[in-house]
Amino acid sequence: MSALAHLGSAHSAPGAPGGPATARRRHRFLPYLLLLPGAAWLLLFFALPLLQLAAASLYDPNGSLSTGYALTWAFGNYPAALQAYWPQFGRSFLYAGLALVLALLMGYPLAYAIACKAGRWKNLLLVCVVAPMFTSFLVRTLAWKTILSDNGWLVGLLRDVHLLGPDGRLLATPIAVVLGLTYNFLPFLVLPLYASLERLDQRLLEAASDLYASAWQTFRRVTLPLSMPGLIAGTLLFFIPATGDYINAELLGTPKEYMIGNVIDSAFLVRLDYPQGAALSFLLMSAILAVVFVYLRRAGTEEVL
């Protein structure tokens, strides 16, 4: 009996293999093990390509695919690229900003109507918002090319009501590019807004009404602050891809409307100027990160959590 008791006490000792201490250690490392697949994915398909792109941005600008590129730490690629293409940088942020304002004017009322007023039609309206995403980005942009064409019904209507001159047009103008950006990225703004507004406690709106608040005061002091997490997330999800887009400017505009994404595309695939294309990519990423950082500092990062 004493031998069995000694054996049992050995198995229950804190440091014994398979004891409580070992189980605690396993539980402590379990979250890190669960993170391994995602961390490996980010390392292989994000961090390593990003390092390769950083190295390419420092290649000798006088090299080529035929002669080969040498890593000469040519930091001068960055100011040279910015000096050559600063108008496209400014145009990218201008078009993305205008499209964001237009999307907010349409997307916020739409998200509010779906979340608070749609009733049993809520799911159907959500499907209508998401349904265009099931179609290729390229096909949707080509559809806008048809809608905005000189012989299309929209241009004809605007000419009939004298909002466009007899020779006025929408296609191949900045208006077309901004409209294309707005349409293509609108769901990225509406869905986070809907998620925030759908959780809005309607009793708060009723309380504001009981305190004789007007509709505008209720919106400004209750609805808008409570929807800020969705608003901030939606504006970021809209603005970041819109700034780097090049398809809309390619199909709906002319070289006069090209954005920095068009220049990067041409540098890599047409001119085969890898150092310049990589430098422009890093400049664009840095500019977007700076804008996002300032925006979150102003809005408060706790609003997104």
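Which residues does UniProt list for "transmembrane region"? The unreviewed entry lists residues 32-55, 93-112, 124-143, 171-195, 222-242 and 278-296, in the numbering used here, with feature names shortened and annotations that may be inferred rather than shown by experiment.

Please keep in mind that this is a predicted model, in which local features need pLDDT of at least 70 and side-chain atom pairs count only at pLDDT 80 or more, while totals for chains, interfaces and linings use all residues. Residues are numbered from 1 along each chain as its sequence is written, and side-chain values use heavy atoms, leaving out hydrogens and water.

Residues 32-55 are 100% helix and 0% strand, with end C-alpha atoms 30 Å apart; helices (H or I, at least four residues) and strands (E, at least two) are DSSP runs, numbered from the N terminus. Residues 124-143 are 70% helix and 0% strand, and their end C-alpha atoms lie 23 Å apart.

Now to the packing. Helix 9 (residues 215-226) and helix 10 (residues 228-244) pack at about 55°, their axes 5 Å apart, where axes are lines fitted to C-alpha atoms, for helices over the stretch in contact, and angles run from 0 to 180 degrees between N-to-C directions. Helix 9 is therefore oblique to helix 10, since angles under 35 degrees count as roughly parallel, over 145 as roughly antiparallel, 65 to 115 as roughly perpendicular and the rest as oblique.
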